[in-house]
Amino acid sequence: MSLGTAATRTTNPLLLALLISASAYVVATHRAPTPLARSYAAFARLALAVLLVRLLFAVALGSPIPGTHTLFTLPEVPLPHWAQGIRLGGKVTAEALVFAAYDGLKLATLLICVGAANALAAPGRLLKSLPGALYETGVAVVVALTFAPHLVADVQRLRAARRLRGRPDRGLRGLLQVGLPVLEGALERSVALAAAMEARGYGRAAEVPARVRRTTAALTLGGLLGVCAGTYGLLTAEGGTYGLPVLLAGVAAALAGLRLGGRRSLRTRYRPDPWDARAWLVAGSGAAVAALLTLAADRDPEALHPGVVPLVAPALPLWPAAAVLLSLLPALAVPKDPEEPS
């Protein structure tokens, strides 16, 4: 996730390609053989689709970037006067396509880094680390993560059964014939799971004074708003001065609210997952990459945001590239787990 934050600070295609390569290497060396780990390929395909769509929009709708290297000219569709500033077709320049490619590659890199987080993070370990105030949310996520593989398995089983019987399993008719049994089985499992959870005492909460509840709500809501405002400030050039203080204040308020909210939970932790040196190494290496690229974007914006007018080849800045290589530390220093813990 820190690599995704770093990707938002640059449009240099060489640095973005380095970020993609680093995240892909870590995924390739440490991905567990689980269904969730296979989502990385889906995110990579989505990133490629986003890049192609961005280029298609630049070709069809034009670009505000002026250019002198005309590649081809499309028939231009006349638009009414109220649509001034928008055009369909016309000249397509190399500068406009390169600018769109840089912009699309930045978003594609962000998606790939998010896909790496989904492929590497074990949901069970993440949910065990939730604070007590998010107990109900954690239960809902556990149920969702448990039911999703069952739904996929039910669809595959029913489609295979219909093919063996010579019945269609595609199209609208096949979808209806497969979807209804899957929905019926999901409802039956939901009722059985709800009865089992009720028998085990899920949902019980301790009595908390009204003053503590109001303070908890104010701290949590204010902290989350501060986190959103601070994150927005860090991702924009105008909010560089207030972004970090607001973000830190929001995180502190949110943590205090979650600490108070945890008093409602009557549960205990079974085999808590410790935050050890390897976890600090993984989180610290990503945070260092994000911080160093943010610093580089302020110190040398031309290197991290190469211009397209005039059209020149991008150069690889040395110390930002060395900063990106810090993201390879988890792949080299953290041993691969044999399998994801249940």
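Okay, let's start in the middle of the protein: its largest nonpolar core has 26 residues, and Leu19, Tyr40, Val289, Leu293 and Leu304 have the most contacts inside it. By nonpolar core I mean a set of buried Ala, Val, Leu, Ile, Met, Phe, Trp, Tyr and Cys residues joined through side-chain atoms within 4.5 Å. Several helices each supply at least two residues of this core, among them H1 (2-7), H2 (13-30), H3 (39-61) and H10 (277-299). H4 gives the most, with seven residues.

A word on what you're looking at. This is a predicted model, where local features need pLDDT of at least 70 and side-chain atom pairs count only at pLDDT 80 or more, while totals for chains, interfaces and linings use all residues. Residues are numbered from 1 along each chain as its sequence is written, and side-chain values use heavy atoms, with hydrogens and water left out.

Overall, there are 13 helices and two strands. Those are DSSP runs numbered from the N terminus: helices are H or I with at least four residues, strands are E with at least two. Of the 342 residues, 30% count as buried; buried means under 20% relative accessible area, exposed means over 50%, and partly exposed is in between, using a 1.4 Å probe and protein chains only. Among contacts with a separation of 6 or more, 75% are between residues 24 or more positions apart, and contact here means heavy atoms within 4.5 Å.

What does Leu19 touch, leaving aside neighbours within four places in sequence? Leu3, Ala6, Ala7, Thr109, Val289, Leu293 and Val324.

Leu293 is also touched by Pro320, along with Leu15, Ala296 and Leu304, again not counting residues up to four places away. Pro320 is in helix H12 and is buried, at a relative accessible area of 2%. Pro320 and Leu15 are 305 residues apart along the chain, yet their C-alpha atoms are separated by 7.8 Å.

Next, Asn12, in the loop between H1 and H2. Buried or exposed? Asn12 is buried, with a relative accessible area of 0%. A polar atom of its side chain lies 2.9 Å from the backbone oxygen of Ala315. Beyond four places in sequence, Asn12 touches Ala303, Leu304, Pro306, Pro314, Ala315 and Pro317.

While we're in that part of the chain, look at the loop between H11 and H12, where Pro310 is found. The peptide bond from Val309 to Pro310 is cis, with omega near 0°. For background, most peptide bonds are trans.

Now helix H8, residues 210-235. Its 26 residues should span 38 Å at 1.5 Å a residue, and the end C-alpha atoms are 38 Å apart, so that agrees. The expected span is 1.5 Å times one less than the number of residues. Buried residues in H8 include Val212, Thr216, Thr220 and Gly223, and the buried residues of H8 pack against helix H9 (243-261).

How about the records? The unreviewed UniProt entry annotates "transmembrane region" at residues 40-61, 133-153, 217-235, 241-258, 279-297 and 317-334. Positions are in the numbering used here, feature names are shortened, and annotations may be inferred rather than shown by experiment. In the model, residues 279-297 are 100% helix, with end C-alpha atoms 27 Å apart. The span 241-258 is 89% helix and 0% strand.

Last, cysteines. Cys113 is buried at 4% relative accessibility, whereas Cys228 is exposed at 52%. A search of the whole structure finds zero disulfides, meaning pairs of cysteine sulfur atoms within 2.5 Å.

Conventions. A polar contact is a pair of N or O atoms within 3.5 Å; within protein, one must be able to donate a hydrogen and the other to accept it, and residues adjacent in sequence count only if both atoms are side-chain atoms.
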